[in-house]
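Here is a short briefing to read alongside the model. Have the sequence and the 3D view open as you go through the points.

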Amino acid sequence: MTYVVTESCVDCKFTSCVSVCPVDSFHELPDRLYINPETCIDCNACMDECPVEAIYPDMDVPEEMQDWIELNEKAEDFPQIVGQVDALKGPRCSNPDADQ
């Protein structure tokens, strides 16, 4: 099992999840994050930290978001992010007022 970032992250890009990842599995795109399934150790820390509930165990990703599993598998193609930075909170953010 691994964890998957889904569409609720798009344009929000809160990074509190990144700061709790013990193995630095997160990778950064301009408008979202992905989790590298090859390095994720399934610790669940990131899921509890995400203020927009964008992270799911791969086995529990809702049917309408299944394509996000494959998108996260491409995480290595993007720069790794380590540590928390300011959230993007762009115009498509599902909840820009979410607590970090």
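The chain folds into three helices and four strands. Starting at the N terminus, these elements follow the order β-α-β-β-α-β-α. Please keep in mind that this is a predicted model.

**Overall shape and surface**
- The radius of gyration is 12 Å, which agrees with the value near 13 Å that a compact globule of 100 residues would have.
- Along the principal axes, a box of roughly 30 × 30 × 25 Å holds the C-alpha atoms of the chain.
- Of the 100 residues, 45% count as buried.
- About 5400 Å² of the chain is accessible surface, and carbon and sulfur atoms account for 44% of that area.
- If you take contacts between residues at least 6 apart in sequence, 73% of them link residues at least 24 apart.

**Charges**
- The chain carries 5 positive and 22 negative charges.

**The nonpolar cores**
- The largest nonpolar core has 21 residues, and the members that touch the most others are Phe-26, Ile-35 and Ile-55.
- A second core of eight residues is separate, with Val-4, Val-10, Val-61 and Trp-68 among its members.

**A closer look at Ile-35**
- Which residues does Ile-35 touch, leaving aside those up to four places away in sequence?
- Its partners include Thr-2, Tyr-3, Val-4 and Val-5.
- Also on the list of residues touched by Ile-35 are Ser-25, Phe-26, Cys-40, Cys-46, Ile-55, Asn-72 and Ala-75.
- Two of these partners, Phe-26 and Ile-55, are named with Ile-35 as the members touching the most others in the largest core.

**A closer look at Leu-29**
- You will find Leu-29 in the loop between β2 (26-28) and β3.
- Is Leu-29 buried or exposed?
- Leu-29 counts as buried because its relative accessibility is 9%, and the cut-off for buried is under 20%.
- Leaving aside residues up to four places away in sequence, Leu-29 touches Lys-13, Tyr-34 and Phe-78.
- Leu-29 and Gln-80 are 51 residues apart in sequence, yet their C-alpha atoms are 9.3 Å apart in space.

How values were computed:
Residues numbered from 1 in each chain as written. Predicted model: local features only at pLDDT ≥ 70, side-chain atom pairs only at ≥ 80, totals over all residues. Heavy atoms only, no water. Helix = DSSP H or I, 4+ residues; strand = E, 2+ residues; numbered from the N terminus. Rg over C-alpha atoms; globule rule 2.2 N^0.38 Å. Buried < 20%, exposed > 50% of the residue type's maximum accessible area, 1.4 Å probe, protein only. Contact = heavy atoms within 4.5 Å. Areas by Shrake-Rupley, 256 points an atom, 1.4 Å probe, with all protein chains shown as cover. Lys, Arg positive; Asp, Glu negative; His and termini not counted. Charge placed at Lys NZ, Arg CZ, Asp CG, Glu CD. Core = buried A, V, L, I, M, F, W, Y, C linked by side-chain atoms within 4.5 Å.
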